[in-house]
Amino acid sequence: MATASLPIRQEPRISAGLPRVGEFMRWSVDHKIIGVQYMVVALSFFFIGGILAMLMRWELLTPDVDFFGDGAVYNSAMTMHGTIMIFLWVIPMIGAMGNYVVPLQIGARDMAFPWLNAFAFWIIPPAGILMLLGWLVGPAEAGWTSYPPLSLLGHDGQLLWAVSLHLLGISSILGAINFIVTILNMRPEGMPLFRMPLLCWAVLATALIIVLATPFLAGALTLLILDMVAGTSFFIAAQGGDVLLWQNVFWFYSHPAVYIMVLPSMGIISEVLSVHSRKPVFGYRMIALSSMSIALVGFTVWAHHMFTSLTPELRIPFMITSMIIAVPTGIKIFSWLATIWGGKIHFTSAMNFALGFLSLFLIGGLTGVIVGSVPVDIHLHDTYFVVSHFHFTLYGGGVMGLFAGVYHWWPKITGRMLNEGLGRWHFWLTFIGFLWTFLPQQIAGMMGMPRRVATYDPSLLIYNQLSSLGAFVLGASALFFFYNLGWSLARGRVAGGNPWRALTLEWATTSPPPPLNFYEDPVPYPNPYGYGSDAAREYLDEQQRRFPAALEAPTDEGSTSASLATQPAGTSAGSSAGTSAGQQQ
Amino acid sequence: MTDEAHPHHHDAIILPGDRRIRLPGGIYTFVFVVLALLTLIEIFLAGMPEGPARVLVLFGIAIGKAALVVIYYMHLKDDRRIFAWTLLVPLIFATLGGFFLLLSPVPYST
Amino acid sequence: MAEATAHAHHGPSPQEQAENIKFGVWLYLASEVIIFSVFITIYAMFRAQNPDTVFHVREELGIALVSFNTFLLLTSSWAMVMGLRAIQAGKQRALMAWIGLTALLGTAFVGLQYVEYTELAHAGVAINNTNASVFAGFGMRFYTPTAFHGAHVIIGVIWALWVVWRAWKGRYSTENYVGVETFGLYWHFVDVVWILLFTLIYLV
């Protein structure tokens, strides 16, 4: 089929209707249901991890251990905060975004392996609960890196932690295999690899890293578990083991894993920046390829986490590779800036968070160059400077990108718009709270405050109190977000098929889409980011007529393909406001 | 997929010099015989005196055997190119990682 | 009719789905390459640093048993691929016989590995040998990769029996044999791992 740019004129449709709540609570092989399941689970753990962060910052208001009563309790809170945020919030959110959006973007009816998809998801809740159950038997206290010998001295909770992580790893490998096959094998005609939306590129790169890196962690965890339960001594130096082995193999996985955590967000903001500034992506090919090169180079830099434990001769090579990886990242940053340059920027919440990503991730990247240089790192290693650095990349980068994604695709997922006012509150409180929390930590770190300890030198009091106050603002900002989600479900404006007037295929259907996603075979618009041309405007206008936010009166009863569409959802709420829903351009 | 995609249906094996031999099972059986012979050679070599040459030859044979299985039994020869990459890329990463661990100096001693 | 075409394109065709499944299995094997490499490397490091311990174990064990076992696994790989060849030619019964033979050889392999483990245990090679033992550090680095491989063989045997059962039900044909093919990919991969483990652990 040729790449026709206009859909065939057909009866307008509003919504396939949200599935009943029960549908989300049980086994389903529909990628959209699974995407929402991932998102709900991830957001729940985000909430738990956030509470832990608040408790830790409360403890750090004073230099002594008082709130937790015991430093070990602080250590377990710190460990669980890190593990939950990484393995039960950011990484499952890849499953959420990827599952919901990727098949739609490539015009597929579902993922390549729907059953496997559901199976991969259903590993997560039990694994997460297993990790939390650690609190009943003495929780893990060795940090998310779980270095031996510390991790071998702990309670049984450390074992549950390791088993849980093993399960989460299996889940993410299975999910990643699914993504790779779906993206490479299931694109429609008219969408060659280099016309694929950039989110798909990012998810592809992420999935490749997951398949190639996560088994390293699985191997290391297997050995760690054996050391705990079978009397082996792989990591016990006193019995012929090798503690550095864990560090090496762990970082074989975990450095690539930081790109697992941030690449999807990079994909998200590539979409958001282009759509909400009504401009084609600048340097599409370079953004796509830099995702792949980040994935590749990401495998060569692991030992920069070990500058202080590695043999000194190896420091310089790893410093060099670490600097090299700033190049593809820089290419992306400049391409994004050029994308919005001169664009017609709409400061929607999604756009705000995408811009927040740009500025905060930039700081994260630059502080990465600082800690990546050996002489500085010898001083900064394991201080709050590092804590600040990776929060800038993972929160300022990864999580801001995920928020942008939620604001961008929520209307597609639920059929309802989020409240832009609440979104603005959420964004500004997050942005300010974030800088307020993590900039003082940079100073505290440079002054030598070690991470992972409940106490600190009283001279650092002011930085910690500042940081804690900022953290409470940051924590409060999330409440606006959660409230906004609930508000939208209850009273959000009906979104219509394409509230942002975006050209990618996920918008060429109703919101939410029907069970098999499309009403006829989807034909991708030739350039997924071809904004600003008359052809694009015509295409979008036609789409708007086809999938409007609301109809004057529902008319398509009994038409031939009506079996796929149900009654318009919430016409009463949306009939008046609907016609102006998110009109852009 | 059509029958022509499965050249192994025929029992004939073409050897260098355009000679043909017929064997029940065709190339699959031929590869099996080669694998068995290589294994016998390996076992013989294992009794030889220690030395880097022995190690190199043994690993060479093992890699050759593995390659035969992958190319003929797992059909990498005829299948999609991307499957070969799917195997090669992790092999390269694993080999590099392994040699890093093997060769990097140990900063402590027990 | 718009609806008819929409239904016709609801999912990938059987051929496309077969390609998807094969690609998925290859990706799964890619992840297996990595996890096996961790265990293999750890043994190789020990072999490089403690050759005397390794030779000591070899004197206890000899290589007769493991060589025989290696031939069993090689033969099973051949049987597997002959089974695939049979179903490509539409021979259901031959498929069942060959894959049944594969399962049988795999079971024998695991059984003999158990015999070998017992011998080693009698000689005093344990998973938790401490520094005081002459085999210090060997046991865990030996048992982990071989047992992990053995577990893969056991899973493979179960998978083989499942393939036989499905063949008995007539699920495979000259057009549809991807189920046999993917099991073959797995089984040959397990064989390849053994080829490397055999050389590294018992011969080098």
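Colleague: What share of the accessible surface of chain A belongs to carbon and sulfur atoms?
Modeller: This is a predicted model. The accessible surface of chain A comes to about 19700 Å². The share belonging to carbon and sulfur atoms is 70%.

Colleague: Which residues form a nonpolar patch on the surface, and which helix gives the largest share?
Modeller: The patch has about 570 Å² of accessible area together and is formed by F47(A), I51(A), L55(A), W58(A), F67(A) and L479(A). Four residues of the nonpolar patch, its largest share, come from α2(A).

Colleague: Is I51(A) buried or exposed, or in between?
Modeller: I51(A) lies in helix α2 of chain A. Buried would need under 20% relative accessible area and exposed over 50%. The value for I51(A) is 40%, so this residue is partly exposed.

Colleague: Against which helices do the buried residues of α16(A) pack?
Modeller: Helix α16 of chain A, residues 461–491, reaches 45 Å from its first C-alpha to its last, close to the 45 Å expected. Its buried residues include N464(A), S467(A), S468(A), A471(A), L474(A), A478(A) and F481(A). An α-helix has 3.6 residues a turn, so residues three or four places apart point the same way. The buried residues of α16(A) pack against α2, α14 and α15 of chain A.

Colleague: What radius of gyration does chain A have, against that of a compact globule?
Modeller: Chain A holds 18 helices and zero strands, and 62% of its 585 residues count as buried. Its C-alpha trace spans about 75 × 45 × 45 Å along the principal axes. With 585 residues a compact globule would have a radius near 25 Å, which agrees with the value for chain A, 24 Å.

How values were computed. Residues numbered from 1 in each chain as written. Chains lettered and ligands numbered in written order. Predicted model: local features only at pLDDT ≥ 70, side-chain atom pairs only at ≥ 80, totals over all residues. Heavy atoms only, no water. Helix = DSSP H or I, 4+ residues; strand = E, 2+ residues; numbered from the N terminus. Expected span 1.5 Å × (residues − 1). Buried < 20%, exposed > 50% of the residue type's maximum accessible area, 1.4 Å probe, protein only. Contact = heavy atoms within 4.5 Å. Patch = residues over 30% accessible without salt bridge, like charges linked within 9 Å, V, L, I, M, F, W, Y side chains within 5 Å. Areas by Shrake-Rupley, 256 points an atom, 1.4 Å probe, with all protein chains shown as cover. Salt bridge = Lys/Arg side-chain N within 4 Å of Asp/Glu carboxyl O. Rg over C-alpha atoms; globule rule 2.2 N^0.38 Å.
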